[in-house]
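Subject: Structure for your review

Dear colleague,

Please find the structure below, together with its sequence. My findings follow it.

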Amino acid sequence: MDQVNQVRIVELKDQTEVEAALRQIKVDARGVPLMAPKGVFRQFWVRGLSVKAANLLKQQMLAVGAEAAVSEGASRFRDSTTDVLLMGTVKQYHQAIGKLLLQPFGLKDLARELRSALDNWDKAGRARQIRARDQVLTLGERTLVMGILNVTPDSFSDGGLWLDPGRALEHAHQMVEDGADIIDVGAESTRPGHVPVTSEVERERLAPVLKRLVQELPRPVSIDTYRSETAQWALDQGVHIINDIWGLKKDPRLAEVAARAGAPIILMHNQDGTEYQDLMADLLTSLRWSIETAKAAGVGEEQIVTDPGIGFGKTTDQNLEVLARLKELKVLGYPILLGTSRKSVIGNTLGLPVDQRLEGTAATVALGIAFGADIVRVHDVAAMVRVARMADAIVRRRLQAEAEA
């Protein structure tokens, strides 16, 4: 039989994967770093550029063989501003960035943003460590599982189940035995329509259990609060991590508390209402504000984790869109925590009550890992650890092979 040429489409997500493919076909080692940036294609959406900046940007992109799509009105100088869709290889972007750094109309700042976005995207998923006070968490090698412990009477899924300190401790130990890497403790329900409590009430609920959790568990404990007073008290009890569902918007002093203690902080996107000009762009802008607020207070780059806030300030359709576009958060350059466990987006999509959402949670966890999640926050730890390990075996196979080499 005659030799048949076989052609197939491959998806090489980043420069590391392109380099691996080049080595597999035995390219001259000297050519690998030269060719790899030509094999990664990226698109960037830039909002609200002035017409002068947009047209100059288009010229620079075309000059390196890439593309920049602008509105017809901008190309004819009828509009004052335009969004721009950039399309090119990593190599072309770096060539254009070098030229844009010399240009006016704000293009120098845009060039820096593009360079940062390219770097952040490529480093996403790589192994890194977070120091949780006296413990260390390694991200990137496998997905970490955060077990939920609500010491509340009214949480949407398990309200009242773990109010008794003995049962709460027993449940926490069981989650660790089931494979939880972090235990997240909260004392205020944040379900839709919840009634806020004071910091004093939070501490009253936490006091019988928190210190024992820190002393007895071989895993880091995080405190789910947006109040600086509660966070400081919890850190004094030995808690390792702060998990803020408001991303410092309710109490910016929380960042100072985290910085003083050297504690990692999880910054979640949240807002009142569900109105957005552009869902993902607005979400990223909000998270950038949270990140900059944390850094300004002294929180280290390596101590920040982001969370898109599934179920908070979003409709069901918006939650599904964020889940489908989760990988866009990689442009920020920080680890991603995903919390979908038993949430209404699953119930509304499948038409199921809260106690029948295990499979829906599993689907969001598996896809979340495929789309870039580093940590998943769940109620059903044993089942979701299995889901995460199976997803990791597929998604993180390359990283695991590199670590073993």
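The element names used here follow one convention: helices, of at least four residues, and strands, of at least two, are DSSP runs numbered from the N terminus. On that basis, Arg 76 belongs to the loop between helix H4 (72–75) and E3. Please bear in mind that the model is predicted.

The C-alpha atom of Arg 76 is separated by 9.3 Å from that of Val 51, although the two residues are 25 apart along the chain. Phe 77 is also located in the loop between H4 and E3. Its relative accessibility of 55% places Phe 77 in the exposed class as well. The backbone of Phe 77 deserves attention: its phi is near 60°, a positive value in a residue other than glycine.

**Helix H5 and its surroundings**

Helix H5 covers residues 90–100, and its buried residues are Val 90, Gln 92, Tyr 93, Ala 96, Ile 97 and Leu 100. Viewed down the axis of H5, these buried residues fall within an arc of 150°, so they line one face of the helix. Their packing partners are helix H1 (15–24), strand E1 (41–50), helix H3 (51–63), strand E3 (81–89) and helix H6 (107–123).

The axes of H5 and H6 lie 9 Å apart, and the two helices pack at an angle of about 150°. H5 is therefore roughly antiparallel to H6, since angles over 145 degrees are classed in that way. Their crossing is left-handed. From H5, the residues Val 90, Tyr 93, His 94, Ile 97 and Leu 100 take part, meeting Leu 107, Lys 108, Ala 111, Leu 114, Arg 115 and Leu 118 of H6. By class, the residues of this contact comprise eight nonpolar, one polar and two charged.

Phe 105 sits in the loop between H5 and H6. Phe 105 is not a glycine, yet it has a positive phi of about 65°. Its relative accessible area is 46%, and Phe 105 is thus partly exposed.

**Helices H7 and H8**

A further helix pair is formed by H7 (residues 165–177) and H8 (residues 199–216), which pack at an angle of about 30° with their axes 10 Å apart. H7 and H8 therefore run roughly parallel to each other, as angles under 35 degrees are counted as such. The crossing of H7 with H8 is right-handed. H7 contributes Pro 165, Ala 168, Leu 169, Ala 172 and His 173 to the contact, while H8 contributes Pro 208, Val 209, Arg 212, Leu 213 and Glu 216. Seven nonpolar, one polar and two charged residues make up the contact of H7 with H8.

**Gln 135**

Finally, Gln 135 is part of strand E5 (residues 135–139). Its relative accessibility is 19%, and Gln 135 therefore counts as buried, the limit for that class being under 20%. Leaving aside residues up to four places away in sequence, Gln 135 touches Ile 130, Pro 218, Arg 219, Pro 220 and His 240.

With kind regards

Note on methods: Residues numbered from 1 in each chain as written. Predicted model: local features only at pLDDT ≥ 70, side-chain atom pairs only at ≥ 80, totals over all residues. Heavy atoms only, no water. Buried < 20%, exposed > 50% of the residue type's maximum accessible area, 1.4 Å probe, protein only. Arc of directions from axis to C-beta. Contact = heavy atoms within 4.5 Å. Axes fitted to C-alpha atoms, helices over the stretch in contact; angles between N-to-C directions. Parallel < 35°, antiparallel > 145°, perpendicular 65-115°, else oblique. Left-handed = near helix turned anticlockwise from the far one by under 90°. Nonpolar A, V, L, I, M, F, W, Y, C, P; charged D, E, K, R; others polar.
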